[in-house]
Protein chains: 2
Amino acid sequence: VKGARGVPGGRPPTRAELRILRGLKRRKFREAERLFAAEGVRVVEELLDSGIDLVFALGSPSLEDTARGRALAARLAAAGVLRRTDDATLAAHADTESPQGVIAVARIPDHSLAALEVRGPAVALVLDGVQDPGNLGTLLRTAEAFAALFAAALPGTADPWNAKSVRAAAGALFRLPTVRTSADELLEWLDRHGFTLYGSDPRGTPADAIEPAQRAALAVGNEGAGLSPRIREAAAVTLAVPIRGRAESLNVAVAAGILLYVLTRTR
Amino acid sequence: VKGARGVPGGRPPTRAELRILRGLKRRKFREAERLFAAEGVRVVEELLDSGIDLVFALGSPSLEDTARGRALAARLAAAGVLRRTDDATLAAHADTESPQGVIAVARIPDHSLAALEVRGPAVALVLDGVQDPGNLGTLLRTAEAFAALFAAALPGTADPWNAKSVRAAAGALFRLPTVRTSADELLEWLDRHGFTLYGSDPRGTPADAIEPAQRAALAVGNEGAGLSPRIREAAAVTLAVPIRGRAESLNVAVAAGILLYVLTRTR
């Protein structure tokens with residue numbers, strides 16, 4: 001079976017499937033259905049590679065503009081999850097500006113602090129009110145690159161499963177255990193497992209002035225207001241990126257990247 | 001004179017002014033008119049503080065939702081550049097999702113390599129085909145935080161004066177000299193001023209294995225394809241972020257932040 005412009009296999013989406021896609025733009029729907037949408041060739045490739053349960057994927061003719069897109073369409077068709085549609089329908093259901101002809105719907109993986117196993121040195125990222133989905137995804141991507149054990153999203157943080165966050169995470173969200181938890185539950189867990197909590201704060205101690213703990217959790221706060229009072233108080237110390245320039249004004253993900261580098265470089 | 005909901009001063013925009021705002025969404029228009037648009041309270045505050053020539057600013061009632069917004073409206077009115085309009089008109093002329101009730105139009109500052117003065121150790125950022133305006137702005141913000149002498153945008157790089165880039169730069173673009181130049185002109189300048197050119201590349205030498213030059217230029221490439229062949233060849237060495245995680249997969253701005261940190265930390 002060949003579709004329009006040669007997309008192999010795949011039937012058109014059902015109305016119910018399109019309804020799910022529209023619903024997934026809302027956080028409440030994502031949380032109730034435990035589903036999320038992932039857009040773009042690279043991200044959907046990573047999704048397929050991750051073993052996460054992919055429910056269905058819309059593919060439009062523009063997916064076929066590249067060899068890589070055609071290969072992805074073939075993989076989706078082989079898995080029996082490809083739904084063929086036109087570019088306009090796909091764009092209407094997309095949440096990012098360039099879905100590249102593909103949107104996949106998949107199950108949000110179940111992760112919990114209780115299920116995590118800790119051995120030896122470890123690092124974790126705590127999201128304490130991060131609001132911008134692009135920043136959130138970039139933070140998760142950064143944490144995964146530093147082999148973080150997990151990321152914890154505290155109340156007030158944007159939804160990691162927002163399509164823009166999923167896109168910016170570039171696949172990291174499919175591999176890095178990301179848990180939603182309360183500050184109380186997190187702090188209890190960190191304490192029980194011997195983690196030192198560091199807060200990111202431009203007015204904190206220069207990060208290269210401390211000897212990092214073998215088990216370190218780095219908390220980053222809201223783009224405008226910074227850390228919540230609860231996390232600021234619970235942190236052993238707040239850390240600033242030690243830069244020689246003017247007063248620090250770094251994007252939250254850039255600051256977190258430098259701090260994770262400093263916290264883990266002696267390992 | 002009080003405007004709607006108490007915005008002080010300010011007349012409505014002229015048709016010509018609205019036409020300029022619409023034109024500024026296109027790079028060619030920005031380049032021909034040497035004007036750019038800046039959106040959002042913080043960015044327009046930074047613009048006023050920078051001394052850059054602000055031509056006019058649209059302000060809508062939602063600018064008055066916060067004390068900070070009201071203070072900004074008062075400053076714009078005092079400078080005689082405030083143009084009052086409604087929220088819908090402002091949104092229709094905005095290029096970002098949350099303009100926060102204010103869009104300013106200002107002159108692109110004139111910078112050239114020839115006008116730069118170098119004394120002692122220095123660092124610079126070279127943008128070699130960076131495509132995403134958000135990444136571009138975050139890179140400029142990062143470079144400015146590290147007290148970079150300048151940023152150079154090579155052909156193939158997105159326009160730094162794109163509204164999304166201006167927003168992500170969070171004011172850095174108003175202070176950091178940002179020049180558009182050819183690879184030839186840049187390489188000649190770097191050579192003449194004793195700069196060592198480093199390239200950012202995940203397959204490069206771990207950055208902490210080198211002794212950084214006192215005058216260092218860091219080149220970052222396209223989000224997908226990396227450095228251009230010309231710059232890759234001209235670089236003394238390509239540097240990777242030394243991370244202990246899986247194969248490096250960092251956002252270009254996060255990688256640049258860590259590399260700039262490593263290149264400047266011994267100063």
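Visitor: Is Arg27(A) buried, partly exposed or exposed?
Guide: In this predicted model, Arg27(A) counts as partly exposed, at 31% relative accessibility.

Visitor: And which side chain does Arg27(A) meet in a salt bridge?
Guide: That would be Glu31(A), with an N to O distance of 2.9 Å. Glu31(A) is partly exposed as well, at a relative accessible area of 32%.

Visitor: Which residues are joined with them into one network?
Guide: Salt bridges that share partners join Arg27(A), Arg30(A), Glu31(A), Asp159(A) and Arg180(A).

Visitor: How many salt bridges are there over all chains?
Guide: The count comes to 36.

Visitor: Let's hop to chain B. What does Glu46(B) pair with?
Guide: Glu46(B) forms a salt bridge with Arg42(B), and their closest N and O atoms are 3.4 Å apart. Both belong to helix 3 (residues 41–50) of chain B, and being four residues apart they are separated by about one helical turn. Glu46(B) counts as buried at 14% relative accessibility, while Arg42(B) is partly exposed at 34%.

Visitor: What about Asp110(B), which residue is its salt-bridge partner?
Guide: Arg34(B), with the closest N and O atoms 3.4 Å apart. This pair links distant parts of the chain, 76 residues apart. Asp110(B) lies in the loop between strand 4 (102–107) and strand 5 of chain B, and Arg34(B) in the loop between helix 2 (27–33) and strand 1 (35–39) of chain B. Asp110(B) is exposed, with a relative accessible area of 69%, whereas Arg34(B) is partly exposed at 34%.

Visitor: New topic: in what order do the six strands of the open sheet in chain B run?
Guide: The order is 7-6-5-9-8-10, with parallel pairing. Strand 7 (178–180) and strand 10 (237–240) of chain B are the edge strands, each pairing on one side only. On average, neighbouring strands are turned by 30 degrees against each other, direction ignored.

Visitor: How many bridges hold strand 5 and strand 6 of chain B as a pair?
Guide: Four, linking residues 122–128 of strand 5 with residues 150–153 of strand 6 in the parallel sense. Within that pairing, Phe150(B) in strand 6 of chain B is the bridge partner of Ala124(B).

Visitor: Which strands does helix 6 of chain B touch?
Guide: Helix 6 (residues 133–145) packs on the sheet and touches strand 5, strand 6, strand 7 and strand 9 (215–221) of chain B. Its direction makes about 175 degrees with that of strand 5 of chain B. There is also helix 9 (residues 183–192) of chain B, which lies across strand 5, strand 6, strand 8 (196–206) and strand 9 of chain B, at about 150 degrees to strand 6 of chain B.

Visitor: Now the inside. How many residues has the largest nonpolar core?
Guide: It has 122, and those with the most contacts inside it include Phe36(A) and Phe36(B). Leaving aside neighbours within four places in sequence, Phe36(B) is in contact with residues including Leu24(B), Ile52(B), Trp161(B) and Phe174(B).

Conventions. Residues numbered from 1 in each chain as written. Chains lettered and ligands numbered in written order. Predicted model: local features only at pLDDT ≥ 70, side-chain atom pairs only at ≥ 80, totals over all residues. Heavy atoms only, no water. Pairing = 2+ DSSP bridges. Helix = DSSP H or I, 4+ residues; strand = E, 2+ residues; numbered from the N terminus. Axes fitted to C-alpha atoms, helices over the stretch in contact; angles between N-to-C directions. Contact = heavy atoms within 4.5 Å. Core = buried A, V, L, I, M, F, W, Y, C linked by side-chain atoms within 4.5 Å. Buried < 20%, exposed > 50% of the residue type's maximum accessible area, 1.4 Å probe, protein only. Salt bridge = Lys/Arg side-chain N within 4 Å of Asp/Glu carboxyl O.
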